[in-house]
Amino acid sequence: MIETRKLNVQPTLSRPDDFYNALVEMHRELSEEQSRLANAKLILLLANHIGDKETLEEALRIAAEGLN
Amino acid sequence: MLQTHQNPVYAYSHSADQDTPAPVHHPVIVVGAGPIGMAAGLDAAAQGIPAVILDDNNTVSIGSRAVCYAKRALEILDRLGCGQRMVDKGITWNLGKVFFRDDLVYTFNLLPESDHHRPAFINLQQYYLEEYMVEQIRQTKHLELRWKSRVTAVAEKDDHVEIQVETPDGAYRLTCDYLIVADGANSGIRRMLGLESSGQVFQDRFLIADVVMETDYPPERWFWFDPPFHQGGSTLLHRQADNVWRIDFQLGWDADPEEEKKPENVIPRLKAMLGEETEFELEWTSVYTFQCRRMERFRHGRLFFVGDAAHQVSPFGARGANSGFQDTDNLLWKLKLVLDGRAPQRLLDSYDAERVPAADENLLNSTRSTDFITPKSAVSRTFRDATLLLAEEYPFARTLVNSGRLSTPAVYRDSPLNTPDEERFDSKMVPGAPSTDAPVNAGDWFLRLIANSRFNGLYFAPTDGTLSDPELTALSSLTEHADIPLNILVAGLEPTDNLPAGVRAVSDTKGVLSKRFDGRPGTFYLFRPDQHVAARWRSLDRQKIEAALKRATACS
């Protein structure tokens with residue numbers, strides 16, 4: 001587990017199931033390649049919204065953690 | 001296969017109704033003696049409506065089927081006289097565990113709060129519940145259950161319903177004011193009337209294996225995503241009574257149901273999961289698919305569809321039987337008031353207004369659980385696996401993991417029967433919510449005190465613990481209301497013996513009652529016979545209470 005200083009890993013979504021459903025729903029009519037692009041755009045949009053370098057770096061480390 | 005349970009065979013018996021030239025009339029007839037049909041019959045009796053239940057079979061559920069009964073269902077069964085036997089025989093559980101591949105991802109507690117009479121859930125084979133209900137019906141006056149009685153025709157007339165019943169010794173006719181249709185997911189009556197239940201069929205198959213084994217597994221709900229013993233699928237483990245364990249394997253759409261349920265194919269799956277050394281006996285297997293669908297409306301004139309006949313959900317979340325009990329809990333008190341002429345016919349429309357949105361909530365939750373458990377696309381599976389990978393360490397992701405959102409009762413937020421709040425309350429007991437529980441008096445429970453199938457009031461006495469004359473007059477007149485006499489409980493009273501008839505003191509032993517209702521002195525709650533909150537105020541105002549009663553019975 002990676003300790004976070006800036007990134008909030010506690011629940012903040014008031015209706016998590018609604019969000020998850022919207023996320024899956026976004027992909028429903030997309031091909032796999034289109035889905036990959038949509039995910040990449042989504043990450044870039046959210047990263048810009050967050051803005052804070054340290055927060056983003058923590059998220060990047062957790063995302064890659066344990067995958068290779 | 002081993003049998004821990006023998007299904008009883010209930011004898012058909014000839015009814016005097018079969019020998020009369022004109023059809024005999026009953027206020028309420030229920031079609032179907034599954035748990036929901038029997039609950040309808042018992043609830044009719046609890047309200048004081050004579051009723052007859054008809055069933056085309058002569059025994060209880062074959063196989064364990066619905067095994068998880070939620071707190072609210074137990075509370076309803078308490079009102080119907082079957083709750084305690086369920087809890088005594090059933091396996092009480094509050095904890096769920098979620099595993100992904102080799103790892104425990106997290107544990108959740110469905111009832112993190114103490115001071116409730118009933119637990120979050122019990123597990124019990126459906127046949128036990130049905131046997132208890134049959135026995136309860138036998139002890140109940142003005143309630144009859146007729147086996148081997150198949151309804152073959154239904155005709156709605158202006159002021160009654162006429163049905164044709166086929167039995168081993170011939171057919172006969174009956175009439176009723178209201179027909180409650182509880183004949184299950186493949187409702188014959190629904191088909192007979194050309195009514196549809198529409199929605200989504202899921203392209204997946206699940207194998208149920210009930211096994212008997214002695215283990216030291218705790219009584220918890222264990223759910224595996226993609227476990228090493230069943231790669232690519234999901235698995236669910238639940239403990240039932242008699243050391244019977246329910247194991248549910250997701251098989252995928254291409255599985256052959258007849259092959260999969262053969263013991264020679266089931267046993268290797270079980271050995272992979274439980275270990276070669278574990279001794280177990282197979283008791284029952286079944287392969288099922290499911291649908292998420294509902295009828296457009298549940299009321300059709302004098303016919304009311306309840307349970308699976310009205311709406312059907314996936315099993316994840318135990319929202320089938322549990323929501324069916326809430327249907328009959330909602331319906332029967334309304335039928336009673338209308339039959340007595342104390343409320344207008346339109347009160348019955350509120351069954352749709354309240355239970356259709358409740359069905360939609362159950363459908364939405366069970367559909368979403370199904371989508372999470374069996375992702376429909378590669379990207380959907382990637383998100384699911386990512387969520388599970390994060391959930392072990394990072395709390396936010398746990399709120400996204402969906403292995404079934406377990407049944408909670410619907411809050412009728414937008415019901416036309418509610419009187420909206422005028423003041424602020426720091427309590428979840430909003431108009432439309434089913435009442436919460438609290439320990440009261442010496443070892444008693446609040447929900448038991450309002451399980452009288454009547455309208456109830458709860459008043460929090462002023463700080464000095466005594467009631468003034470105007471308060472006594474107001475409370476007393478409410479208990480003598482011509483159409484809807486209230487049963488009133490007063491919390492926070494000093495010991496006194498001069499309470500009017502119909503008004504009782506309740507002792508808030510641990511202060512939990514006041515806390516859960518934000519019961520500051522002067523607060524008054526009005527409860528419907530199904531224990532849902534109809535209205536609440538910060539001061540005692542007889543006129544407002546009477547207006548709310550009118551509204552809750554569709555009289556205004």
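1. Buried area is the accessible area (1.4 Å probe) that two parts lose on being put together, summed over both. In this predicted model, chain B and chain A bury about 1,700 Å² between them, 63% of it on carbon and sulfur atoms. R368(B), F383(B) and Y394(B) supply 36% of the area that chain B buries against chain A, more than any other three residues.

2. On the basis of the model: it is predicted, local features need pLDDT of at least 70, side-chain atom pairs count only at pLDDT 80 or more, and totals for chains, interfaces and linings use all residues. Residues are numbered from 1 along each chain as its sequence is written, chains are lettered from A and ligands numbered from 1 in the order in which they are written, and side-chain values use heavy atoms, with hydrogens and water left out.

3. The contact (heavy atoms within 4.5 Å) takes 19 residues from chain B and 21 residues from chain A. There are 2 salt bridges between the chains, a salt bridge being a side-chain nitrogen of Lys or Arg within 4 Å of a carboxyl oxygen of Asp or Glu. R368(B) forms one with D18(A); their closest N and O atoms are 2.6 Å apart.

4. Which elements give two or more residues to the side of chain B that touches chain A? They are α9 (349–373), α10 (378–391) and α11 (395–398) of chain B. α10(B) gives the most, with 8 residues. Helices here (H or I, at least four residues) and strands (E, at least two) are DSSP runs, numbered from the N terminus.
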